[in-house]
Amino acid sequence: MADEIDDIDRRILRELSRDARLTHQELSERIGLSPSPCARRIRRLESDGFITGYSARIDESKLGFPFNVFISVRLDRQIDDQLVAFEREVRLCPEVVDCWLMTGSFDYLLRVAVRDLTEFEHFLTRRLTKVPGVASLESSIPIRRVKYLPARLD
């Protein structure tokens, strides 16, 4: 799939990942292409699935959720029904903002955003440990984010 796009497409993706609110005119000026071909390329990148949507980056701490915790989850059995049931429960938890099915010694990695340690404790003890099939949990509290990219483009 990466072979299907050229350097101009990559520049479009890079600019849109920095600021998806750019007009076609602004974007075309930044990449050195006239607006009409630029718009056609964007439509093609969207229809081919390279661009899957547009969103705003939200500062969770300004919304009152400054405390992040990464939780590694091990299920007691890795069978389809249990995976589906766990994922269904996780989708119902507003505290869980990111969930990955993993390889290795844990089955899932969650990122949880909460107000403080007390809210995290309540989520952990009253919700996550009550999910059927959860065998063990390991929590890690990040100190600071070192790097963030919305997507790898190179």
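Buried means under 20% relative accessible area and exposed means over 50%. The legends below use these words for a predicted model.

**View 1. The buried and exposed sides of helix α5.** Glu-119, Phe-120, Phe-123 and Leu-124 are the buried residues of α5. These residues lie on the same side of α5, because they cover an arc of only 135 degrees around the axis. Leu-117 and Arg-126, on the other side of α5, are exposed. The partners of the buried residues are strands: these residues pack against β1, β2, β3 and β4.

**View 2. Helix α5 across the sheet, with its N-terminal cap.** Helix α5 spans residues 117-126 and lies across β1, β2, β3 and β4. Relative to β1, α5 runs at about 20 degrees. The N-terminal end of α5 is capped by Asp-116. In this cap, a side-chain oxygen of Asp-116 lies 3.2 Å from the backbone nitrogen of Thr-118.

**View 3. The four-stranded open sheet.** The strand order is β2-β3-β1-β4, and the pairing is antiparallel. The edges are held by β2 (96-101) and β4, each with a single partner strand, so one side of each has no neighbour in the sheet. On average, neighbouring strands are turned by 20 degrees against each other, direction ignored. Strands of a sheet pair through backbone hydrogen bonds, either parallel or antiparallel.

**View 4. Strand β1 and its two pairings.** Strand β1 covers residues 67-75 and pairs with β4 in the antiparallel sense over six bridges. Within this pairing, Val-73 stands opposite Leu-137 of β4. Strands β1 and β3 also run antiparallel, joined by seven bridges. Here Val-69 has Val-112 in β3 as its bridge partner.

View 5. Strand β3 (108-114) is mostly covered, with six of its seven residues buried. Five bridges connect β3 to the antiparallel strand β2.

**View 6. Gln-82 in helix α4.** Gln-82 belongs to helix α4, which spans residues 80-91. Its relative accessibility is 12%, so Gln-82 counts as buried, the cut-off being under 20%. Leaving aside residues up to four places away in sequence, Gln-82 touches Leu-75, Asp-76, Arg-77, Pro-132 and Gly-133. Among these contacts of Gln-82 is Leu-75, a residue within the range 67-75 of strand β1.

**View 7. Helix α1 packed on helix α3.** Two packed helices are described by the angle between their axes and the distance between the axes. For α1 (residues 7-18) and α3 (residues 35-47), the angle is about 80 degrees and the axes are 11 Å apart. Helix α1 is therefore roughly perpendicular to α3, a label that applies from 65 to 115 degrees. On the α1 side, the contact is made by Ile-8, Asp-9, Ile-12, Leu-13 and Leu-16. On the α3 side, Cys-38, Arg-41, Ile-42, Arg-44 and Leu-45 take part.

**View 8. Helix α2 packed on helix α3.** Helix α2 (residues 24-31) packs against α3 at an angle of about 100 degrees, with the axes 9 Å apart. This angle makes α2 roughly perpendicular to α3. The residues of α2 that meet α3 are His-24, Gln-25, Leu-27, Ser-28 and Ile-31. Their counterparts in α3 are Pro-35, Cys-38, Ala-39 and Ile-42. Cys-38 and Ile-42 of α3 take part in the contact with α1 and also meet α2.

**View 9. Arg-152 after strand β4.** Arg-152 is located in the segment that follows β4 (134-140). With a relative accessibility of 74%, Arg-152 counts as exposed, the cut-off being over 50%. The side chain of Arg-152 reaches the backbone oxygen of Asp-154 at 2.6 Å. Arg-152 and Arg-14 are separated by 138 residues in sequence, while their C-alpha atoms are 9.2 Å apart in space.

Terms used
Residues are numbered from 1 along each chain as its sequence is written. This is a predicted model: local features need pLDDT of at least 70, side-chain atom pairs count only at pLDDT 80 or more; totals for chains, interfaces and linings use all residues. Side-chain values use heavy atoms; hydrogens and water are left out. Buried means under 20% relative accessible area, exposed over 50%, partly exposed in between (1.4 Å probe, protein chains only). A polar contact is a pair of N or O atoms within 3.5 Å; within protein, one must be able to donate a hydrogen and the other to accept it, and residues adjacent in sequence count only if both atoms are side-chain atoms. Two strands pair if DSSP finds at least two bridges between them. Axes are lines fitted to C-alpha atoms, for helices over the stretch in contact, and angles run from 0 to 180 degrees between N-to-C directions. Contact means heavy atoms within 4.5 Å. The arc is that of the directions from the helix axis to the C-beta atoms. Angles under 35 degrees count as roughly parallel, over 145 as roughly antiparallel, 65 to 115 as roughly perpendicular and the rest as oblique.
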